[in-house]
Amino acid sequence: MSTKSRQHLYGTQIKMSAEEAVKARKEADKLACVAWNYRMLGYKGPAQPSPTIGDAINAGFLYLEVRCLGCDTNQTVALGIIRRPKTTPVHELERYMRCKDCSQVRGYPYKRSALVALRPTKISADHPASYWWPGER
């Protein structure tokens with residue numbers, strides 16, 4: 001007489017628990033990114049602590065919006081192509097951001113920029129740049 005294997009007995013429960021854990025992780029990452037966005041847009045910072053690049057991508061925020069303090073333009077940077085470990089916090093990217101237009105005018109890499117928010121889409125006519133506080137419009 002044979003008995004049922006452990007995989008037969010517990011396999012479905014293990015798979016369901018793993019799927020629930022993935023959903024919970026994704027929801028937690030999304031809430032962390034939304035909280036960081038509220039802090040950045042409402043108070044203009046502080047940028048620390050921030051979610052990691054991997055958390056932002058997992059939550060569906062694929063772009064980082066950056067404002068150049070020299071020419072006052074907003075640009076988006078795709079988080080998926082950044083050559084940093086996915087465990088790097090988003091606030092550490094601020095020191096590497098350079099404005100291409102200001103750098104060409106000045107003749108040297110112009111590094112003054114400010115992180116604005118994490119975004120699911122690029123800046124376009126349909127999805128304009130974020131405002132730091134409601135009275136800025």
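The model is predicted, so local features need pLDDT of at least 70 and side-chain atom pairs count only at pLDDT 80 or more, while totals for chains, interfaces and linings use all residues. Residues are numbered from 1 along each chain as its sequence is written, and side-chain values use heavy atoms, with hydrogens and water left out.

**Helix α1**
- Spanning residues 6–43, α1 has 38 residues and reaches 53 Å from its first C-alpha to its last, close to the 56 Å expected at 1.5 Å a residue, that expectation being 1.5 Å times one less than the number of residues.
- Helices (H or I, at least four residues) and strands (E, at least two) are DSSP runs, numbered from the N terminus.
- Gly11, Asp29, Cys33, Trp36, Asn37 and Met40 of α1 are buried, meaning under 20% relative accessible area with a 1.4 Å probe, protein chains only.
- After α1 comes lysine 44, whose phi is positive, near 60°.

**Strands β1 and β3**
- The cover over the buried residues of α1 includes α2 (53–59), β1 (63–68) and β3 (113–119).
- Strands β1 and β3 run antiparallel and are joined by six bridges, where pairing requires that DSSP finds at least two bridges.
- Cysteine 68 stands opposite serine 113 in β3.
- Because seven of the seven residues of β3 are buried, β3 is largely enclosed by the rest of the structure.

Key:
Buried means under 20% relative accessible area, exposed over 50%, partly exposed in between (1.4 Å probe, protein chains only). Contact means heavy atoms within 4.5 Å.
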